[in-house]
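Reader: I would like to go through this model with you, one topic at a time. Could we begin with the backbone and move on from there?

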Amino acid sequence: KYFYGDDLSNQQLKFILPIKNYEAGISFQRHGITEFNQLTAGASLAKNFGDKISIGLRANYHQLKIQNYGSTTGFSIDVGAMYHINNQITIGLNINNPSKQTYQNSNASISIPSLVNFGIAYQASNKILIATNLSKNFNEKYDVGLGLDYKLIEILSLRGGISMKPFKQYGGIGIDYKKLNLDLAIENDPHLGYSSQIGIAYAF
C-alpha cells in the first residue's frame, strides 16, 4: 500500500521459465483503488546471445476501470537489452510502449505510459553493488536514481538509494536463503510520506 493508506495499492505476480538460451515469462499487475484501477497482463520472451548480450520483448494487455464509467482496454509492447561489459560492469536499456499506444476508448484518447530507462550496475567488490539509472517518461522530466547494495553476510544485504525528480529516499534489506529471496523496502516522499514494499521470489 502507498503512503500507509487504506486504498491506493499495487500488486504484482511474475513467473519465469528458463528454456535453454531463452527465458519465457508471464506477469500480472494491479494498481489503484476500488473506484479506479489499472490491470496489466504481460507475456515476455528473452534470449541470451552468448555471455554478453540479452534481449527481451514483452506484449502487454491493459485494462482501465473507473467506477460508474465502465472500462477500456489497450495493448502495448516493451523492449529491453542488457550488456555485460565485464565481470564488474553491466548496462541495460528498456523502453515501455515505444509506439505510444492508447486505450481503445471511442470517447477519449487515454495514453498508455511510455517510459525509457537506462541503467548501469557496478560490482565494486564481492560485497558492494552500486547501481544508477536515468529514466524519462515521454511527457515528463528526466529522473536520476542511485542505489547501493551491501552484502552484510552471505544471506543478508542492506540497501539504500535516492532519486531526484521528485527527491525521494529509499532503504531496505534483502534475504537470499537457498532458493528463497525476500526483499523489504521503504520509500520516503517528502510531500506524501512513507510507502513500504515486500517482494518474495522462489526458484524451483
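Reader: Where does Pro166 lie?

Author: Pro166 lies in the loop between strand 10 (156-164) and strand 11 (167-177). Strands here are DSSP runs of E with at least two residues, helices are runs of H or I with at least four residues, and both are numbered from the N terminus. This is a predicted model, in which local features need pLDDT of at least 70 and side-chain atom pairs count only at pLDDT 80 or more, while totals for chains, interfaces and linings use all residues. Residues are numbered from 1 along each chain as its sequence is written, and side-chain values use heavy atoms, with hydrogens and water left out.

Reader: And what kind of peptide bond joins Lys165 and Pro166?

Author: The bond between Lys165 and Pro166 is cis, with omega at about -5°. Most residues other than glycine have a negative phi, and most peptide bonds are trans.

Reader: On phi, then: what is the value for Lys20, and where does Lys20 lie?

Author: Lys20 has a phi near 55°, which is positive although the residue is not glycine. Lys20 is placed in the loop between strand 1 (9-19) and strand 2 (22-32).

Reader: Is Lys20 buried or exposed?

Author: Lys20 has a relative accessible area of 85%, so Lys20 is exposed. The classes are buried under 20% relative accessible area, exposed over 50% and partly exposed in between, with a 1.4 Å probe and protein chains only.

Reader: What about Lys178: what is its phi, and where is its place?

Author: Phi of Lys178 is also positive, near 55°, in a residue other than glycine. Lys178 belongs to the loop between strand 11 and strand 12, and its relative accessibility of 70% makes it exposed.

Reader: Let us follow the chain onward. How many bridges join strand 12 to strand 13?

Author: There are 10 bridges between strand 12 (residues 180-189) and strand 13 (residues 193-202), and the two run antiparallel. Two strands count as paired if DSSP finds at least two bridges between them.

Reader: Which way do strand 6 and strand 7 run?

Author: Strand 6 and strand 7 (residues 115-123) run antiparallel, joined by eight bridges. One of the bridge partners is Val116 in strand 7, which is paired with Ile95.

Reader: Now side chains. How many aromatic pairs does the structure hold?

Author: The structure holds two aromatic pairs. One of them joins Tyr202 and Phe204, whose ring centres are 5.2 Å apart with planes at 80°, so this pair is edge-to-face. Rings of Phe, Tyr and Trp (its six-membered ring) pair if their centres lie within 6.5 Å; planes under 30 degrees apart are stacked, over 60 edge-to-face and the rest tilted. Tyr202 is partly exposed at 49% relative accessibility, whereas Phe204 is exposed at 78%.

Reader: Over which rings does the charged end of Lys47 sit?

Author: The charged end of Lys47 sits over the ring of Tyr22, 4.5 Å from its centre, and over the ring of Phe49, 5.3 Å from its centre. The criterion is NZ of Lys or CZ of Arg within 6 Å of the ring centre and within 35 degrees of the ring normal.

Reader: Last topic, the overall fold. How many helices and strands are there?

Author: The protein has zero helices and 13 strands. Its radius of gyration is 18 Å, close to the 17 Å that the globule rule gives for 204 residues, so the protein is as compact as a globular protein of that length. That radius is taken over C-alpha atoms, and the rule is 2.2 Å times the number of residues to the power 0.38. The C-alpha trace spans about 55 × 40 × 35 Å along its principal axes.

Reader: What share of the 204 residues is buried?

Author: Buried residues make up 19% of the 204 residues.
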